[in-house]
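I opened my notebook to look up a few features one at a time, and to write down what I found for each.

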Amino acid sequence: MADFHQSNTVSTLHRLTGNRLNTMELELNRFSRHAGMGLILPALITEFERPAMKRICNELRSVNYFSRIVCAIGRATREQVNEAARFFEGFKSPVSILWIEDPKVQSIFQALEENGMPAQADGKGRTCWLSMGYLLAENRSDIVALHDCDIVNYTREMPASLCYPLAHPNMDFDFCKGYYARVSDKLHGRVTRLFLAPLLQAARELAPSSSFLSFLSEFRYPLAGEFAMKSSLAGGVRLPTDWGLEVGILSEAFKHSGPGRVCQADIADNYEHKHQEVSHNDASKGLRRMTVDITKALLRC
């Protein structure tokens, strides 16, 4: 059933019909003549061994409104990257592959470290930062979108829903955050439901006048890995390198654009991806590490 609820300051763009893709893509093709759009796909090499990545590539192969798709591949050998690049053959949008372990890329990280800028921590945030830098340097993408590469039920409506509010000439948004349901025969999204939501509620009780905490609380799925932003915003944001990326990027959107220029879009009826272990006995991985990284990012905001 359609949902019409609006929060206080963050505009919520609902998915009121299930047959909107063709119309959105036709309009995005038209908008792309004046507003270039880039898509970032951060992927570990192991993603190419799973069915989700094949489905994502099959869905994106016919999309032609992107000025550039950047797939950043980590923890791979040169031979593995060359093999993974075959997934992108026949794409209508131009595709660039970034190999994170490339000696030239690693030399950039080393130079940053030597000049007092931490860059050696391997993580999604660093990969996104490198990919955004590539798109910004190319200067063909006025909009930068990003989504994870482990989405089992992926459709090309997801990136279209992220880009549309920023590309439409009559909408005045700088940042769009995706949201969706997380349910199968059980409720998913454990970190969001059991950790972040109660944490934000407790923090708001201690600081009821905090506009930032109110802003974070308005997002239906604040830890969603799917978002898009104007390149003017992307050029000035700081990205956490770890699991704090999603909270950190919301903080940057709040600081640089403000709630009035931020929206959240319903990008799927349901969303399924691989699930992390709780990792009770090891704080360096799983959901235990995720909660630590998110807390650190929130405290730094």
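**Entry 1: a helix and its surroundings**

I began with helix α4, residues 103-114, and checked its length: at 1.5 Å a residue its 12 residues should span 16 Å, and the end C-alpha atoms are 16 Å apart, which agrees. I kept in mind throughout that this is a predicted model.

Which residues of α4 are buried? I found Val105, Phe109 and Leu112 to be buried. Looking down the axis of α4, I saw that its buried residues fall within an arc of 60 degrees, so they line one face of the helix.

I then looked up what covers the buried residues of α4, and the cover includes the strand β4 (95-99) and the helix α5 (124-138).

I also inspected both ends. At the start of α4, a side-chain oxygen of Asp102 comes to within 2.9 Å of the backbone nitrogen of Lys104, while the helix is followed by Gly116, which has a positive phi, near 80 degrees.

**Entry 2: aromatic rings**

Next I looked for pairs of aromatic rings, and the count came to 11. The one I examined joins Phe212 and Phe254, whose ring centres are 5.3 Å apart and whose planes stand at 55 degrees, so I wrote the pair down as tilted. Because Phe212 lies in helix α8 (residues 211-217) and Phe254 in helix α10 (residues 245-256), the pair ties together parts that are 42 residues apart in sequence. Phe212 has a relative accessible area of 14%, so I recorded this residue as buried. I also noted that ring pairs link Phe48, Phe87, Phe88 and Phe91 into a cluster.

**Entry 3: a leucine in α8**

Staying in helix α8, I turned to Leu213. Is Leu213 buried or exposed? Its relative accessibility is 10%, so Leu213 counts as buried. Leaving aside residues up to four places away in sequence, I found that Leu213 touches Leu200, Ala203, Arg204 and Ala207. From Leu213 to Ser257 I read 44 residues in sequence and 16 Å in space, C-alpha to C-alpha.

**Entry 4: salt bridges**

How many salt bridges does the structure hold? I found 20 salt bridges, and I followed several of them.

In one, Asp122 pairs with Arg126, and the closest N and O atoms are 3.5 Å apart. Asp122, at 35% relative accessibility, is partly exposed, whereas Arg126, at 7%, is buried.

In another, Glu252 pairs with Arg238, with the closest N and O atoms 3.7 Å apart. This pair links distant parts of the chain, since Glu252 is in helix α10 and Arg238 in the loop between α9 (231-234) and α10, 14 residues apart. I noted Glu252 as buried, at 4% relative accessibility, and Arg238 as exposed, at 56%.

I also looked at Lys296 and Asp293, where the closest N and O atoms are 3.9 Å apart. These two residues are three residues apart in helix α11 (residues 286-300), so about one helical turn separates them. Lys296 is partly exposed at 41% relative accessibility, and Asp293 is buried at 5%.

Definitions and conventions: Residues are numbered from 1 along each chain as its sequence is written. This is a predicted model: local features need pLDDT of at least 70, side-chain atom pairs count only at pLDDT 80 or more; totals for chains, interfaces and linings use all residues. Side-chain values use heavy atoms; hydrogens and water are left out. Helices (H or I, at least four residues) and strands (E, at least two) are DSSP runs, numbered from the N terminus. The expected span of a helix is 1.5 Å times one less than its number of residues. Buried means under 20% relative accessible area, exposed over 50%, partly exposed in between (1.4 Å probe, protein chains only). The arc is that of the directions from the helix axis to the C-beta atoms. Contact means heavy atoms within 4.5 Å. A polar contact is a pair of N or O atoms within 3.5 Å; within protein, one must be able to donate a hydrogen and the other to accept it, and residues adjacent in sequence count only if both atoms are side-chain atoms. Rings of Phe, Tyr and Trp (its six-membered ring) pair if their centres lie within 6.5 Å; planes under 30 degrees apart count as stacked, over 60 as edge-to-face and the rest as tilted. A salt bridge is a side-chain nitrogen of Lys or Arg within 4 Å of a carboxyl oxygen of Asp or Glu.
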